[in-house]
Amino acid sequence: MGRVYNFSAGPAVLPEEVLKEAAEEMLDYKGTGMSVMEMSHRSKAFQEILDDAEADLRELLHIPDNYKVLFLQGGAHQQFAMIPMNLMKHKVADYIVTGQWAKRAYQEAQKYGKANKIASSEDKTFSYIPDCSDLPVSDDADYVYICENNTIYGTKFKTLPNTKGKLLVADVSSCFLSEPMDVSKYGVIYGGVQKNVGPAGMVITIIREDLITEDVLPGTPTMLTYKTHADAGSLYNTPNCYCIYMCGKVFKWLKKQGGLEAMKQYNEKKAKILYDFLDGSALFQGTVVPKDRSLMNVPFVTGNDELDARFIKEAAAQGFVNLKGHRSVGGMRASIYNAMPIEGVEKLVEFMKKFEEENR
Ligand SMILES: Cc1ncc(COP(=O)(O)O)c(C=O)c1O
């Protein structure tokens, strides 16, 4: 089998062009005579890779000058702890729990202070985004936390919550760079890159400068203090050099596609093909309230576990892989990140139609 259509939720599909470029540069990166994997993070060649990556990301997201970009390790899970450790000055924070990842973050924050769950959609297996226009935001909350796109459940905040003047912190792991964002509306934005941006092993945090201080919770390790990394330009310790290099290539690829506005249009067109089919299908159903549907993660079911399992197996044999849904939802999930070509979704829908005809 050649390259498959990979619908994995993460680590996930990367642009083929980027992979080919990386392959070409594997043994000799731009005349340095070595791979980026072998290069000192203090070298001039690597500093250029890092600087370019940051500059391109700033351009793509129109990141204001008073925000820092940090390339960190420890994944999104580490941010679940770093956020309260660095931001919970009054030891109070409000969490909107719209899925398993938001719940993990909420649970982690409880270790450091009073984390309040001010809204949740757990009553209906996280299949919708609660109304966040008038929530009981705590007077002394240091921030309000959301997971903007819920990878497992396939929901997305289409409007940001009314935080009543409090700082907004968002986990954007699974919608990062899928469409434009107004960075100035957030205090902190972070995303694990292994879904829409690059290989696993790094998280990018975009944080407003005034939030980067030495005034962190007592006992916060040096490595978990944002100031450490901001002051060192993400080079306090050895970073994930190869991942930064790959993300930088993806940023350049995104710029070539026309930037995030163009990506949004492409992603909308792509997701519509699948959602339109699900809406008309007598066999498959989407599991999310239509107005809250994600452009990136599309869960669906037949309602029959055996049939779901057969579908996943037959789809894989045809080159449509990693369609199994998360164990907490069951059924299927197609993750259709930036790098999934529209043909991948068109062909998947063709296959679903055929499967439906054969199994009516
Ligand atoms: C939205 C979201 N947040 C957090 C995580 C956890 O990321 P990590 O494994 O990088 O800690 C994931 C997926 O793995 C995710 O989809």
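**A walk through strands, a helix and salt bridges**

Let's start with two strands: E8 (residues 168–171) and E9 pair in the parallel sense over three bridges. Strands here are DSSP runs of E with at least two residues, helices are runs of H or I with at least four, and both are numbered from the N terminus; two strands pair if DSSP finds at least two bridges between them. The model is predicted, so local features need pLDDT of at least 70 and side-chain atom pairs count only at pLDDT 80 or more, while totals for chains, interfaces and linings use all residues. Residues are numbered from 1 along each chain as its sequence is written, and side-chain values use heavy atoms, leaving out hydrogens and water.

Is E9 (residues 188–192) mostly covered or mostly open? Five of its five residues are buried, meaning under 20% relative accessible area; exposed is over 50% and partly exposed is in between (1.4 Å probe, protein chains only). In a regular strand the side chains alternate between the two faces of the sheet. In E9, Val188, Tyr190 and Gly192 point one way, and Ile189 and Gly191 the other.

Next, look for an open sheet of three strands in the order E11-E12-E14, with antiparallel pairing. Its edge strands, E11 (285–286) and E14 (332–335), each pair on one side only. Helix H7 (residues 259–280) packs on this sheet and touches E11, E12 and E14 (contact means heavy atoms within 4.5 Å).

Finally, turn to charged side chains. Side chains of opposite charge can pair when their charged atoms come close. A salt bridge here is a side-chain nitrogen of Lys or Arg within 4 Å of a carboxyl oxygen of Asp or Glu, and the whole structure has 23 of them. One of these joins lysine 44 to glutamate 48, with the closest N and O atoms 3.4 Å apart. Because they are four residues apart in helix H2, lysine 44 and glutamate 48 are separated by about one helical turn. Lysine 44 is exposed at 66%, whereas glutamate 48 is partly exposed at 46%.

Another salt bridge, between lysine 227 and glutamate 214, has its closest N and O atoms 3.8 Å apart. This pair links distant parts of the chain: lysine 227 lies in helix H5 (residues 226–231), and glutamate 214 in the loop between E10 and H5.

Terms used:
Axes fitted to C-alpha atoms, helices over the stretch in contact; angles between N-to-C directions.
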